Amino acid sequence: MLDIKLVRQNPQAIAEALKKKRFEFNAEQFLTLDETRKSADVASQQLLAERKQASKKVGVLIKEGLSVDEAKAQVNDTLAKIEAQLEALKERAKSANDALESMLLGVPNLPAEDVPEGNDEDANVEVLKWGEPGSFNFDVKDHVDVGNNIGGLDFDTASKITGSRFAVMRGGIARMHRALIQLMLNTHCNEHGYEEVYVPFIVNADSLRGTGQLPKFEEDLFKLEGEQGFYLIPTAEVPVTNMLRDSIIEDAALGDGLHFVCHTPCFRSEAGSYGRDTRGMIRQHQFEKVELVKFVRPNQSAQALETLTGHAEAILQKLELPYRKVILCGGDLGFSALKTYDLEVWLPGQSAYREISSCSNFGDFQARRMMARWRNPETNKPELLHTINGSGLAVGRTLVAILENYQQADGSVVVPEALKPYMGGLERLPAGD
């Protein structure tokens with residue numbers, strides 16, 4: 001959530017900045033609500049002063065000739081009228097405050113200055129390209145056909161069990177999927193210094209409000225029936241980031257930042273994506289990710305985004321998968337993010353680069369919603385942390401990339417060198433297995 005003090009300073013400037021995200025901020029509505037709140041507060045303070053003076057008038061009225069009972073009755077009548085007015089002002093201020101909070105909960109984060117202009121993904125700017133797409137002397141297949149040849153990727157059975165946009169993996173493909181998770185976790189823990197965490201796959205509404213999925217994006221979530229108001233997680237970002245909700249981290253405990261890695265399944269309704277990527281594993285209701293989450297001081301967050309993105313890139317480089325890195329334009333930037341890099345892996349079956357990781361700096365936007373803070377030793381006061389996260393990587397899409405990039409003319413798939421230790425030394429997934 002944006003800092004309301006910052007918005008009050010210059011709501012028109014906020015509205016102008018949010019145009020880069022193609023968001024229309026109603027500055028006039030904000031000012032009207034804020035003025036209502038302010039005037040109610042000022043009037044309340046005046047009435048409190050009147051109440052204080054009124055309570056002292058009993059003695060004055062007695063001196064003017066009224067009996068004690070008459071004086072008390074007159075003062076009590078005045079106090080009752082003041083209390084009624086105070087109650088009305090209290091309700092008016094509360095209503096305005098609630099409306100302001102509701103309004104700000106629906107306002108996205110401000111984009112960073114170096115975020116490029118643009119309406120959609122076509123305006124994203126390529127930062128670098130790593131590796132060269134391989135050349136094939138046969139007609140390449142997409143991962144669905146490669147998986148069918150190997151015999152370990154089954155969408156029909158998944159559809160029978162549940163419905164569309166699910167997959168059953170068997171044999172070598174299931175083993176490779178598990179191996180990818182292990183490679184990612186071990187690399188991020190042993191080489192990049194992350195602490196592995198295990199978290200619930202079900203969260204409450206407060207957690208989703210903290211990271212920005214609620215209230216704006218409820219249709220993208222799977223909500224569980226029952227009295228608890230629970231949701232299946234759309235990403236490990238939600239439970240891991242909320243580990244620090246309503247917390248104050250001492251500076252010494254913060255060190256160079258808190259760095260977490262977490263493997264979870266993820267569940268998304270994919271609302272609004274009907275007809276897109278319906279074939280295969282690109283866009284599913286259930287998939288798995290290894291998520292990277294950082295909590296850092298404000299002056300560290302810009303570099304932390306670069307570092308975290310590099311850690312996600314390291315997995316692609318270990319697997320020797322060609323990819324490119326793009327910075328998202330304002331129109332494609334997520335609700336909570338101030339800056340995002342997407343990593344897009346080359347898929348020969350589509351002859352295109354497709355997103356495999358999205359790495360974002362949220363500044364203090366999520367931390368303000370969660371009240372996740374650290375104690376600044378210079379002031380000895382709590383201040384908001386900055387949060388950064390990204391996929392390191394999306395496991396299913398990484399599997400897709402391997403099946404397509406490492407496919408052979410005979411229908412088999414070569415196991416990347418980095419995965420062999422996790423595959424018992426297996427050299428390839430044979431066709432017809």
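Which residues of α12 are buried? The close-up views below take up this question and several others, and the model they show is predicted.

**View 1**
Helix α12 covers residues 301-318. Its buried residues are S301, A304, L305, L308, T309, H311, A312, E313, A314, I315 and L316. With 18 residues at 1.5 Å a residue, α12 should span 26 Å, and its end C-alpha atoms are 26 Å apart, so the two values agree. Just after α12 comes E320, which has a positive phi of about 55 degrees.

**View 1. The crossing of helices α8 and α14.**
Helix α8 is made of residues 171-190, and helix α14 of residues 395-405. Their axes come within 10 Å and cross at roughly 120 degrees. An angle of 65 to 115 degrees would count as roughly perpendicular, and one over 145 as roughly antiparallel; α8 and α14 are therefore oblique to each other. The crossing of α8 past α14 is right-handed. From α8, the contact is made by I173, M176, H177, L180, I181 and M184. From α14, V395, G396, T398, L399, I402 and L403 take part. Sorted by class, this contact of α8 with α14 has nine nonpolar residues, three polar ones and no charged ones.

I233 sits in the loop between β6 (231-232) and α10 (237-241). Its relative accessible area is 0%, so I233 is buried. Apart from residues up to four places away in sequence, I233 touches P200, F201, I202, V203, P239, T264, P265, C266 and F267. One of these, I202, is 31 residues from I233 in sequence, yet the C-alpha atoms of I233 and I202 are 5.7 Å apart in space. Another, T264, belongs to strand β8 (residues 258-267). T264 also has a relative accessible area of 0% and is therefore buried. Beyond its neighbours within four places in sequence, T264 is in contact with V199, F201, I233, A236, F287, E288 and K289.

L105 is part of helix α5 (residues 68-105). Is L105 buried or exposed? Its relative accessibility is 15%, so L105 counts as buried. Setting aside neighbours within four places in sequence, L105 is in contact with M1, P215, F335 and R369. A cis peptide bond, with omega about 5 degrees, joins L214 to P215. L105 and L305 are 200 residues apart along the chain, and their C-alpha atoms are separated by 24 Å.

**View 2. The cis bond between G392 and L393.**
Most residues other than glycine have a negative phi, and most peptide bonds are trans. The bond from G392 to L393 is cis, with omega near 25 degrees. L393 lies in strand β15 (residues 386-394).

M371 is not a glycine, but its phi is positive, about 55 degrees. The loop that holds M371 is between α13 (365-370) and β13 (372-376). With a relative accessible area of 33%, M371 is partly exposed. N380, also a residue other than glycine, has a positive phi near 60 degrees. Its place is in the loop between β13 and β14 (381-384). N380 has a relative accessibility of 52% and so counts as exposed.

Note on methods. Residues numbered from 1 in each chain as written. Predicted model: local features only at pLDDT ≥ 70, side-chain atom pairs only at ≥ 80, totals over all residues. Heavy atoms only, no water. Helix = DSSP H or I, 4+ residues; strand = E, 2+ residues; numbered from the N terminus. Expected span 1.5 Å × (residues − 1). Buried < 20%, exposed > 50% of the residue type's maximum accessible area, 1.4 Å probe, protein only. Axes fitted to C-alpha atoms, helices over the stretch in contact; angles between N-to-C directions. Parallel < 35°, antiparallel > 145°, perpendicular 65-115°, else oblique. Left-handed = near helix turned anticlockwise from the far one by under 90°. Contact = heavy atoms within 4.5 Å. Nonpolar A, V, L, I, M, F, W, Y, C, P; charged D, E, K, R; others polar.
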